[in-house]
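Please look over the sequence and the structure shown here before reading on. The briefing that follows takes up two annotated positions and then the relation between the copies.

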Amino acid sequence: MSMTATAANPETETVDLYDHEWKHPTVVAGVPWKNPVGTASGTFQYAAVRWFYDVSQLGAVTTKGVSPVPWEGNPGVRTAEGPACNINAVGLQNPGVDHYLVDDLPKLKKIGANVVSNVAGHCDDDYAEVVAKLADSPADMLEINVSCPNVGAGGMSVGADPVALSRLITRLRKMTDKPMIVKLTPNVTDITVPARAAVEAGADALSLINTIVGMRINTRTGKPIIDHVTGGVSGPAVLPIGLARVWQVRSALPDIPIIGIGGIDTGEKALEYLYAGANAVEVGAAALFDPVAPLRVACELDDLLDDRPELAAKLAEGKTWR
Amino acid sequence: MSMTATAANPETETVDLYDHEWKHPTVVAGVPWKNPVGTASGTFQYAAVRWFYDVSQLGAVTTKGVSPVPWEGNPGVRTAEGPACNINAVGLQNPGVDHYLVDDLPKLKKIGANVVSNVAGHCDDDYAEVVAKLADSPADMLEINVSCPNVGAGGMSVGADPVALSRLITRLRKMTDKPMIVKLTPNVTDITVPARAAVEAGADALSLINTIVGMRINTRTGKPIIDHVTGGVSGPAVLPIGLARVWQVRSALPDIPIIGIGGIDTGEKALEYLYAGANAVEVGAAALFDPVAPLRVACELDDLLDDRPELAAKLAEGKTWR
Amino acid sequence: MTHGKAVVDAAVSHGFFPPRHTVEIADIAELDAGVVRMTIRDPYIAAHGRPAQFVDFFTHDPMKPMPRPFGISEIQDDLVSFIFAVVGKGTGEFAELKAGDVIDVMGPLGHAFDTKAPANYVLVAGGLGVPPLIHAAQHIAGDENSESTAVFGYRKNHFADEYVDRYADRTYSIDESEGNVVTLLDRIEDELKSGDLPPVILSCGPLPMMKAVASWAAKRDIPCQLSLEQRMGCGYGTCVLCTTDTVNGRLKVCADGPVFTREQLGWE
Amino acid sequence: MTHGKAVVDAAVSHGFFPPRHTVEIADIAELDAGVVRMTIRDPYIAAHGRPAQFVDFFTHDPMKPMPRPFGISEIQDDLVSFIFAVVGKGTGEFAELKAGDVIDVMGPLGHAFDTKAPANYVLVAGGLGVPPLIHAAQHIAGDENSESTAVFGYRKNHFADEYVDRYADRTYSIDESEGNVVTLLDRIEDELKSGDLPPVILSCGPLPMMKAVASWAAKRDIPCQLSLEQRMGCGYGTCVLCTTDTVNGRLKVCADGPVFTREQLGWE
């Protein structure tokens with residue numbers, strides 16, 4: 001057995017990574033993506049990733065969630081490892097929308113990136129304040145993170161409360177004509193309920209799944225590894241769960257653009273999401289374990305689509321396999 | 001790197017597996033277990049496992065869910081592999097409660113096993129019919145599987161509908177004095193809601209988590225691998241999710257006995273569940289990959305508890321770490 | 001291979017079947033494009049394995065925890081051989097292993113072909129269905145009351161002929177350029193009927209092929225045992241993930257099979 | 001190691017920092033119980049690594065996907081050395097590797113100690129905090145305007161003395177039988193104050209030790225740079241999982257640090 005077999009897809013990490021010419025674009029809610037692969041919010045910081053590749057090569061760059069004012073996030077240990085996964089409890093630390101508007105966003109637009117601006121909030125007013133500022137910005141799409149604990153949903157995530165979600169998205173919809181993606185949490189009984197609520201309230205697209213609640217315990221101390229106790233699980237382990245959620249939402253809503261997220265670290269896994277009914281995908285945790293993972297997935301997928309002209313044609317028209 | 005490093009804990013698979021003398025018992029809802037490790041329903045068939053070890057050595061043996069009449073389950077391909085997990089869509093195939101009462105149950109009681117009889121149903125009457133028959137049987141405990149699709153819950157699992165769950169458990173509670181465990185599904189927004197509903201309706205204990213909905217797609221055909229499309233994810237990948245659910249339920253219900261399930265394949269992972277607040281654990285998918293896994297986990301845990309006298313003492317008294 | 005031996009010895013000395021254990025790969029070679037023959041050193045499986053029984057193989061990659069069941073193709077002393085196709089990442093990993101490497105296995109599992117009755121066993125294999133029939137030929141070669149006639153069909157290269165030739169009394173093989181196993185059965189029909197021993201068909205291969213073979217046998221009233229394949233979860237009967245529909249209901253391929261008679265399957 | 005080189009070359013030729021890539025282990029040895037020194041062959045990291053910078057190491061087990069960051073301890077030509085403790089299953093796996101095996105790495109990452117000003121750099125390390133300070137000694141040995149004084153504290157065995165001795169102008173070490181690094185600092189306080197060069201403390205080790213060192217430095221108005229540790233998610237600044245509270249807010253240990261001044265941390 002080759003020792004490198006379990007390394008990060010070394011066989012495909014060639015010079016092509018930096019000179020790839022894109023063959024198979026997609027369209028998400030009317031916005032052209034040069035390929036169906038973007039970054040997942042929370043795993044992309046331009047200041048960190050820019051040293052590793054030209055991020056404008058991705059189908060889209062989804063930036064970290066921004067709030068009206070800077071948020072410090074959670075103190076102490078924020079992460080633990082699980083089997084084939086990462087558990088994170090950042091607590092949405094971010095420097096606030098004003099900083100974003102003068103720093104990351106203009107820098108990304110300057111290099112020609114297709115930017116999806118992720119929006120976070122603890123109450124409807126938080127989201128509204130951020131969306132108001134992004135409405136006049138050069139952001140290409142907005143992604144509303146409805147997994148944050150929300151005072152308007154009794155401390156639960158607004159994405160788990162269809163009434164609160166509908167109220168929020170209805171309000172935000174009136175504030176901007178920018179394509180608005182709602183990022184759904186998988187921590188619900190039936191994801192098609194918030195999916196439908198978001199779409200009926202005016203969402204142009206859905207992205208799913210956000211992370212799954214999980215934790216680890218230190219067996220030497222008997223205490224949780226993460227100071228916040230629980231965090232969000234992402235990484236290879238969640239692939240089957242993400243695929244099922246995308247399948248369910250596509251079955252319930254045949255026409256809404258969907259961005260598939262969860263456990264993608266190869267072009268082949270991205271392809272599974274496209275067959276499940278996604279128009280595009282986002283690569284998250286894999287980028288923590290190798291910064292170029294989103295670009296590598298995009299290159300691999302682009303080549304896999306060569307042999308699947310029917311799927312590639314549908315994507316290029318903004319349609320999906322299912 | 002040793003090639004055996006990734007094999008099924010070879011370093012601990014010694015002759016002790018068959019001659020272990022149990023040092024650390026637990027008590028679940030008043031029922032003594034000789035150790036805190038049982039099998040998870042659906043992964044244990046006595047006719048298959050009996051060849052591999054003396055199953056009476058386990059803390060408990062939870063048998064496959066039985067229904068009032070034989071069920072054929074799902075046709076075609078029922079399983080797929082995910083990263084560090086199995087996906088199953090058996091559809092609760094079983095030969096029915098009457099067969100169980102004359103076959104598996106007496107055989108298991110004859111060898112001295114502590115038997116948890118898992119009960120499945122598609123409507124309240126199904127459960128009631130099975131519980132009525134088990135009430136007079138030598139079963140030590142009953143485990144009610146409320147993850148099956150249920151006509152009384154509009155086709156959803158009754159475990160995802162607290163009102164339906166409360167109605168069902170209230171009815172079953174009147175039918176038997178046997179300790180009754182309710183096995184909760186993790187496919188809900190807030191697992192503490194059905195947990196509380198079950199306990200208030202008379203459940204003596206809770207077991208969690210059942211499998212998580214997931215799927216895989218064949219990228220050669222573009223179609224789901226499992227004919228039923230989705231199935232239940234179990235195996236190492238779900239560990240952090242199961243731990244978090246046990247932690248949440250223990251936080252909400254300080255006194256109810258809890259059996260932790262999900263991703264356990266070593267004594268150390270079982271220990272994490274005990275620290276999360278479980279009184280005992282069940283080993284599921286790991287037994288698919290090695291029949292003796294539950295016994296090995298029990299041996300490993302028994303030895304780990306030597307160094308944790310405070311935890312061991314609590315378990316022995318029917319109490320928990322948290 | 002002290003480890004594997006210790007596990008097996010401990011189980012057996014306590015009266016149990018050996019659980020998953022680690023063994024050495026004695027030999028591995030590519031027979032044809034994507035077709036690999038692997039030989040492991042496993043005294044227990046060697047002593048107990050019967051034709052159509054299979055062994056669970058496990059990858060070294062914990063991301064792929066499920067067993068890959070392979071039918072036994074030959075047994076020599078402590079050595080047990082298998083022939084498998086590289087169909088995915090798991091089997092691809094196996095193909096990269098070298099002699100001297102170790103691998104986790106469990107077996108032998110499932111029920112064997114019934115070859116007790118004196119007969120001319122007609123071993124009909126298609127593609128990667130060859131292993132149990134090579135093993136059947138080997139087994140029958142040790143039985144002076146029976147004989148065997150191998151009927152092997154391939155897509156292209158006749159990669160398994162040399163192995164079954166070691167044991168079968170007669171070997172016929174064919175590839176897609178000329179026809180399939182039914183073509184061969186038609187050709188040798190008279191020979192089978194005129195032999196001293198009654199023909200009994202044992203078969204393994206793709207489902208359409210086996211159905212065609214069963215149909216051929218049914219029309220001629222020749223007994224037919226078929227070894228099925230299905231995606232398995234455990235291989236030893238506990239998970240009920242690998243089922244097939246039979247006249248007796250939905251049965252487990254791994255533990256109730258993999259061998260079923262034509263009548264059990266209700267194939268006409 | 002063509003592969004690792006190809007990845008690195010491709011990135012560099014396109015003006016980018018090398019991503020995760022595969023390198024060869026040139027040497028690996030146990031220095032003390034549970035303490036391992038590993039040397040990899042990596043021309044890029046060797047050329048660019050500075051003291052207190054670290055490298056992400058990845059296990060061969062995909063069940064453990066997260067990076068294990070190790071501080072560089074020495075660089076010789078193309079060889080880069082690290083010293084780490086076996087604290088869990090990931091580091092346990094690393095400890096089992098042999099020279100000639102390969103491993104995935106990414107780096108160098110983080111900000112280095114600032115050693116530009118001429119000074120007597122007092123390298124205060126506790127336990128497994130030694131690597132960046134050995135590397136600092138090596139770095140400073142190449143700077144004719146500065147000198148270094150190693151102050152190493154151990155639990156028991158003085159396992160790193162021989163490495164820092166290669167470069168430091170003076171080495172003092174102590175173990176728990178006698179005291180800790182503050183004991184040593186007290187002993188050499190006069191010597192530090194009376195030297196020609198102003199003392200500057202660089203430190204790495206357990207948090208309580210570093211706080212004690214910072215406090216000692218604060219009382220004497222000696223500049224103090226501290227290299228922190230924290231559980232990391234990526235090591236290169238994208239995930240914001242490894243933070244520390246500073247007077248400028250909650251900053252990333254990996255990308256804003258790992259080196260912070262005492263003033264930045266607000267440690268008195």
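A:Asn210 is found in the loop that links strand S10 (205-208) and strand S11 (212-214) of chain A, where strands are DSSP runs of E with at least two residues, numbered from the N terminus. This is a predicted model, in which local features need pLDDT of at least 70 and side-chain atom pairs count only at pLDDT 80 or more, while totals for chains, interfaces and linings use all residues. Residues are numbered from 1 along each chain as its sequence is written, and chains are lettered from A and ligands numbered from 1 in the order in which they are written.

**A:Asn210**
- A:Asn210 is buried because 26 other C-beta atoms lie within 10 Å, the cut-off for buried being 20 or more other C-beta atoms within 10 Å, with C-beta atoms placed from the backbone.
- Leaving aside residues up to four places away in sequence, A:Asn210 touches residues including A:Ser147, A:Lys183 and A:Gly232, contact being defined as C-beta atoms, placed from the backbone, within 7 Å.

**A:Lys64**
- A:Lys64 lies in the loop between strand S4 (61-62) and strand S5 (79-82) of chain A, and A:Lys64 is buried, with 25 other C-beta atoms within 10 Å.

**Record**
- An unreviewed UniProt entry places the feature "binding site" at positions among them A:Lys64 and A:Asn210, although such annotations may be inferred rather than shown by experiment, and feature names are shortened and positions given in the numbering used here.

**Two copies**

Notes: Helices (H or I, at least four residues) and strands (E, at least two) are DSSP runs, numbered from the N terminus. A residue is buried if 20 or more other C-beta atoms lie within 10 Å of its own, exposed if 12 or fewer, and partly exposed in between; C-beta atoms are placed from the backbone. Two residues are in contact if their C-beta atoms, placed from the backbone, lie within 7 Å.
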